[in-house]
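Hi everyone, thanks for making time this morning. I'd like to walk you through a structure, so please have a look at the screen.

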Amino acid sequence: MKIGLQLISVKDVIASDLCGVIEDVGKAGYQGVEFARGFFGKTTDELKSVLDQMGMMAVGNHVYLSQLRENLQGQIDDAKTLGMHHIVALGGVSQHMGEQEIQEYIKEIRRIGQICREQGIALAVHGSTDFYQRDGGGVLLLERVLGEIAPEYLEAQIDTAWAVCAGEDPVRLIETYKDRIYTVHIKDFHPPIPSAGDIYARKEEALTRDSAVGDNGVIDLLGVIRASREAGAKWLIVEHMERESYEDSISATRVSLGNIRNTGVI
């Protein structure tokens, strides 16, 4: 497996100098990046140039479903130019959706996944807080969506922190969806694991105790890495909690990378 960084982890600096941040991330030892929130005024050619210069890969891009609706072909073209494996569809689900709305969402995601696959790009769903809500029958929306869309049209991207906040075992989820996992988002926070309120309340509590990966956090780091490797995942994507301000976000990501490397598993 290779190790990449979800660029939302360095949210405080990407808007002002995305290409410079990619250079810094590469110098820190990351082998690739996953984009989010756009390219901040940079062209795909500019981004491809700096990635090639650093010997790095663009693994994927997190894109809101509304953006895919507006310009799916443009998103696919960007992914192809940058050599990405996948686009991650964000948003669009809620526990307040009725059965017909859930079916419409699943149908739309399947259609987008088919169009992406026809052009050599995978579509993935990120295991964010939205997907740890349950439908009217008590089934996790993550499991519902993945259960009704074939793996060739929708991959799974498990997020370790949000799985734990939802009371789920990320290792179990990785093992369950091993036939459709290319990346695993590895994110951590300091204990205790929140237990009060719904998934959104627990997420807000976790955000107050964000941690570098493996820095005395709640995640079973060895278990996640081993399960990811056995599942055939190609990338571990480090993601730090999204914050408004950081002391030194780049240095924090170096700590996570070092802790993962120090396990000796990768």
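Let me begin with a question: in which sense do strand E1 and E10 pair, and over how many bridges? Strand E1, residues 2-6, pairs with E10 in the parallel sense, and there are four bridges. Before I go further, please keep in mind that this is a predicted model.

Let's stay with E10 for a moment. Strand E7, residues 183-186, also pairs with E10 in the parallel sense, again over four bridges. Leu236 in E10 is a handy landmark here: Ile3 stands opposite Leu236, and Val184 stands opposite Leu236 too. As for the side chains, Trp235 and Ile237 point one way from E10, while Leu236 and Val238 point the other way. Those four residues are all buried.

Now to the nonpolar core. The largest one has 84 residues, and the members touching the most other members are Leu7, Val25, Phe35, Tyr105, Tyr132 and Ile260. Take Val25 as an example. Setting aside residues up to four places away in sequence, Val25 touches Leu5, Leu7, Tyr30, Val33, Met56 and Ile250.

Two names from that core list, Phe35 and Tyr105, bring us to the aromatic rings. How many aromatic pairs does the structure hold? There are two. In one of them, the rings of Phe35 and Phe39 have centres 5.1 Å apart and planes at 80 degrees, so this pair counts as edge-to-face. Both Phe35 and Phe39 are buried. The other pair, Tyr105 with Phe131, is tilted, with 6.4 Å from centre to centre and 50 degrees between the planes. This pair links distant parts of the chain: Tyr105 sits in helix H5, residues 99-118, and Phe131 in the loop between E5 and H6, 26 residues apart. Tyr105 is buried, because its relative accessible area is 4%, and Phe131 is buried because its relative accessibility is 1%.

Is Asp135 buried or exposed? With a relative accessibility of 12%, Asp135 counts as buried, since the cut-off is under 20%. What does the side chain of Asp135 reach? It reaches the backbone nitrogen of Gly137, at 2.8 Å. Leaving out neighbours within four places in sequence, Asp135 is in contact with Ile102, Leu141 and Arg144. Arg37, on the other hand, is 28 Å from Asp135, C-alpha to C-alpha, and 98 residues apart in sequence.

That's my tour, and I'm happy to take questions.

Conventions:
Residues numbered from 1 in each chain as written. Predicted model: local features only at pLDDT ≥ 70, side-chain atom pairs only at ≥ 80, totals over all residues. Heavy atoms only, no water. Core = buried A, V, L, I, M, F, W, Y, C linked by side-chain atoms within 4.5 Å. Buried < 20%, exposed > 50% of the residue type's maximum accessible area, 1.4 Å probe, protein only. Contact = heavy atoms within 4.5 Å. Polar contact = N/O pair within 3.5 Å; in protein donor to acceptor, adjacent residues only side chain to side chain. Phe/Tyr/Trp six-rings, centres within 6.5 Å; stacked < 30°, edge-to-face > 60°. Helix = DSSP H or I, 4+ residues; strand = E, 2+ residues; numbered from the N terminus. Pairing = 2+ DSSP bridges.
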